[in-house]
Amino acid sequence: MARGVLFDSTLCVGCRECEGACAKRWNQPYDESIARTEKISYRKLTTIQTKGENFVRRMCMHCVDPACASVCPVGALEKTKLGPVVYHEDRCMGCRYCMVACPFNVPSYTWNEPLPKVKKCDMCFERQSAGKQTACAEACPTGATLLGERDELIAEAKKRLAEKPAEYHPKVYGIEEVGGTSVLFLSKVPFEQLGLRTDLPRHALPQNTWAVLSHVPDVAAVGSVLLGGVYWITHRREAVARAEAKGGAR
Amino acid sequence: MIDRLKKLTFWQWVFAAVMAAGAYATFVRFFYGLGASTNLNDQFPWGIWVGFDVLCGVALAAGGFTLAAAVHLFNIKRYKPIARPAILTAYLGYLLVVVALMFDLGRPYRIWHPMIMWNPRSVMFEVGWCVTLYTTVLTLEFLPLVLERLRLRTPLKWMHSMMVPLVIAGCILSTLHQSSLGSVYLIMEGKLHALWYTSMLPVMFFASAVCVGLAMTIFEGWHSAKAFGRPLELPLMQGLARVLAVAVSTYLTLRFLDLLHRGALPLLSEPSTETYLFMLEILLLALPALLLFRAHVRANPKALYACAVMVVFGVVTNRLNVSVTGMERAAGVSYLPRWTEVAVTLAIVAAAFAIFRLAARHLPVFEDSEHEEEETPAPALAPYEHAAAQGD
């Protein structure tokens, strides 16, 4: 029961309606020069990138087990049951670990604000909670951006691959990458040609950390006993020596 | 006034200049924000305030727990005279790490948030807690110096009865967060360059922290001797140097085996910035380790000092390699700190030196051993002795 987005690059005509709708949803300015900057930033939370004859959309991938939410020391980023990864600005202290940890380099920071914050796509959490579509999916005139249940979107993507094998690179991006993402891609060309990283681990990244972090209580317990024991042994030796010296004198 | 200015030494001028630059940089940071005061951006969100001030600051403070464990737990009494300066360095180190964090955090006034807003899956959360608790432990370990100075004997007695559990807690907390600073980078699989990315990162960070802790103890022993006209405790330093040589060799063996098992060694044939800086890091550690195995090097105070400095720079290079060099390729940008970042860092380091000097002058940091000779029976003036007696 988690929502997701299927972006089909073969249907995208690069009209950038999604960009404009996204800017409007965030009350941000949007003009020609912003449109031309094909980079995710604090003022552009989604972007269309031109890759040769193809267009690709970049946005937060809303990982199934997101690195950003796992590393945040104050829980300012949260993977909701609904699917979107949302940001609680009132918790954030600005350590920017989320930005360093994100395998897709998605979160942006408002570096020049006196009280800076993280900016990222939240898959229109509020709109979706109210039963509405995301702004981008609603705005897309070709159906390149499709909103739905992640499971159903995966089924739909596989159906498209099976029906028109000639038009697609035979893979769905986002099923396995970093343990799965809620945003999925279909493309005519191999994904690297769209600038998507294909060398990513196939497991959820928070597992790397948890493998170590889960042992912290054990280390603390065993270490305390060990060091306490070392103290006892080293100082006991002294006490015995002192007692023996006394006994000898008597 | 002019006469007083004329009396300032070269280093006092340098200190004043560094502090002035630091003050201006602080103004820029807090009035114009991170964007104006750093070269950080969305592609490269962590710079030298994290890579040097925090990662190196914590590592360089590792002498505190290493020496505290050696003296109070392993009962190696001869190192006692240098345990206090090491604990003082550690205490200063951690306080300055917190100061550095106040610069780096986007919203420094929320630094206390991890105390109430928990996320136990986050390494940063664990580091935050460990550093907070350990700074508290260090405050308590440092307190006897102040109490002695003020001749407050009753609270001093309480402190002594707490010393052993405190030292054990300090060692555990240090072990945990020294290694956890390595664990911070475990999530960056595929981002951090393969010369540094390994699932062994926490072990590597812990082992190298012990090395640099020992090296810093020699470093500050040498400087204190010079500054206060005391003779260098050469036999002690030689003993430390032997331990240092073994510690660095162990660490380098670990590093080599890890690279070998991961099949990362062939990367070194690639002529890249990463390769060169990796080589530099290893050289700065391997050379002093080899030298320190020779008795005549250890017997020469200057050579000993040079070796300790090399180890310090070796570990600093390692931390910067992990946090900057190793991250650049994946980020697709190159990062050089802005002058304001450097100015703040230098000012923090200069402040550390100045405060250490002040403390060493006005608190019984180095007097421990002397007092003992004169007044061994008075437990109030021979701290730690009492704690030792309690455990018998």
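## Strand S1 of chain A and its neighbours

A:Val5 sits opposite A:Val183 in S9(A). That pair is a handy way into this predicted model. It belongs to a parallel pairing in which four bridges join S1(A) to strand S9 (residues 183-186) of chain A. S1(A) also has a partner in strand S8 (residues 145-149) of chain A, this time antiparallel, with five bridges between the two.

How much of strand S1 (residues 3-8) of chain A is buried? Six of its six residues are. In a regular strand, side chains alternate between the two faces of the sheet. In S1(A), A:Arg3, A:Val5 and A:Phe7 lie on one side, while A:Gly4, A:Leu6 and A:Asp8 lie on the other, and both faces are covered. So the buried set takes in A:Arg3 and A:Asp8 along with A:Val5, A:Leu6 and A:Phe7, burial here meaning 20 or more other C-beta atoms within 10 Å.

## A hairpin in chain A

Further along chain A, strand S2 (residues 47-51) and strand S3 (residues 54-58) run antiparallel and share five bridges. Within this pair, A:Gln49 faces A:Val56 in S3(A). Two residues separate the strands of the hairpin, and A:Gly52 has a positive phi near 65°.

## Where chain B touches chain A

Now for the contact between the chains: 51 residues of chain A and 45 residues of chain B take part. On the chain B side, the elements giving two or more residues are helix H3 (34-37), helix H7 (113-116), helix H8 (123-149), helix H9 (153-183) and helix H17 (385-391). Which of them gives the largest share? That would be H9(B), with seven residues.

By class, the side of chain B that touches chain A is made up of 24 nonpolar, 14 polar and seven charged residues.

## A closer look at helix H9 of chain B

H9(B) runs for 31 residues and spans 43 Å from its first C-alpha to its last, close to the expected 45 Å at 1.5 Å a residue. Still, the helix has a kink of about 50° at B:Met163, shortly before the proline B:Pro165.

Is H9(B) mostly covered or mostly open? Mostly covered: 22 of its 31 residues are buried. So the helix that gives the largest share of chain B's side of the contact is also one with most of its residues buried, by the count of 20 or more other C-beta atoms within 10 Å.

Note on methods: Residues are numbered from 1 along each chain as its sequence is written. Chains are lettered from A and ligands numbered from 1 in the order in which they are written. This is a predicted model: local features need pLDDT of at least 70, side-chain atom pairs count only at pLDDT 80 or more; totals for chains, interfaces and linings use all residues. Two residues are in contact if their C-beta atoms, placed from the backbone, lie within 7 Å. Ala, Val, Leu, Ile, Met, Phe, Trp, Tyr, Cys and Pro count as nonpolar, Asp, Glu, Lys and Arg as charged, and the others, Gly among them, as polar. The expected span of a helix is 1.5 Å times one less than its number of residues. The bend at a residue is the angle between axes fitted to the seven residues ending there and the seven starting there. A residue is buried if 20 or more other C-beta atoms lie within 10 Å of its own, exposed if 12 or fewer, and partly exposed in between; C-beta atoms are placed from the backbone. Two strands pair if DSSP finds at least two bridges between them.
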